[in-house]
Amino acid sequence: QVQLVESGGGLVQAGGSLRLSCAASGRIFSINDMGWYRQAPGKQRELVAVITSGSSTNYTDSVKGRFTISRDNAKNTVYLQMNSLKPDDTAVYYCNAHLTPSGYYYTYEYWGQGTQVTVSS
């Protein structure tokens with residue numbers, strides 16, 4: 001069974017940094033896009049950053065220049081380096097991946113369980 005397991009969330013002061021990791025485990029044939037979403041209390045889940053299998057990246061405007069998404073294909077892992085954090089970045093961060101499990105033909109979407117990031121002012 002394929003799972004996405006996140007780590008690296010926590011409490012940090014404004015201006016600080018955190019690095020999130022998300023490892024895909026299980027019998028996986030291939031992974032396409034991997035990304036990070038976040039959901040703040042009372043708000044809809046939003047895309048933060050995405051990286052393709054070819055390492056092209058895209059970011060929501062509010063994090064450009066502060067966050068960096070990267071991936072290690074050998075480890076089936078995606079990272080989100082978050083610098084210059086602001087209180088508005090406080091949210092539950094979810095890992096997302098579109099991948100094809102071994103023995104399957106189609107690509108499916110998977111989500112991690114979420115990790116809390118809290119930025120204090």
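A salt bridge is taken here as a side-chain nitrogen of Lys or Arg within 4 Å of a carboxyl oxygen of Asp or Glu. By that criterion, a search of the whole structure finds four salt bridges. The model is predicted, so that local features need pLDDT of at least 70 and side-chain atom pairs count only at pLDDT 80 or more, while totals for chains, interfaces and linings use all residues. Residues are numbered from 1 along each chain as its sequence is written, and side-chain values use heavy atoms, with hydrogens and water left out.

Among the four salt bridges are the following pairs.

| Pair | N to O distance |
|---|---|
| E46 and R38 | 2.7 Å |
| D89 and R38 | 3.0 Å |
| D89 and R66 | 2.8 Å |

Accessibility is classed as buried (under 20% relative accessible area), exposed (over 50%) or partly exposed (in between), using a 1.4 Å probe and protein chains only. E46 counts as partly exposed because its relative accessibility is 32%, whereas R38, at 6%, counts as buried.

Strands are DSSP runs of E with at least two residues, numbered from the N terminus. D89 forms its salt bridge with R38, a pair that links distant parts of the chain, with D89 in the loop between β8 (77-82) and β9 (91-101) and R38 in strand β4 (residues 28-39), 51 residues apart.

The side chain of D89 also meets that of R66 in a salt bridge, and this pair again links distant parts of the chain, R66 lying in the loop between β6 (57-59) and β7 (67-72), 23 residues from D89. Both D89 and R66 are buried. Through shared partners, salt bridges join R38, E46, R66 and D89 into one network.

Notes: Helices (H or I, at least four residues) and strands (E, at least two) are DSSP runs, numbered from the N terminus.
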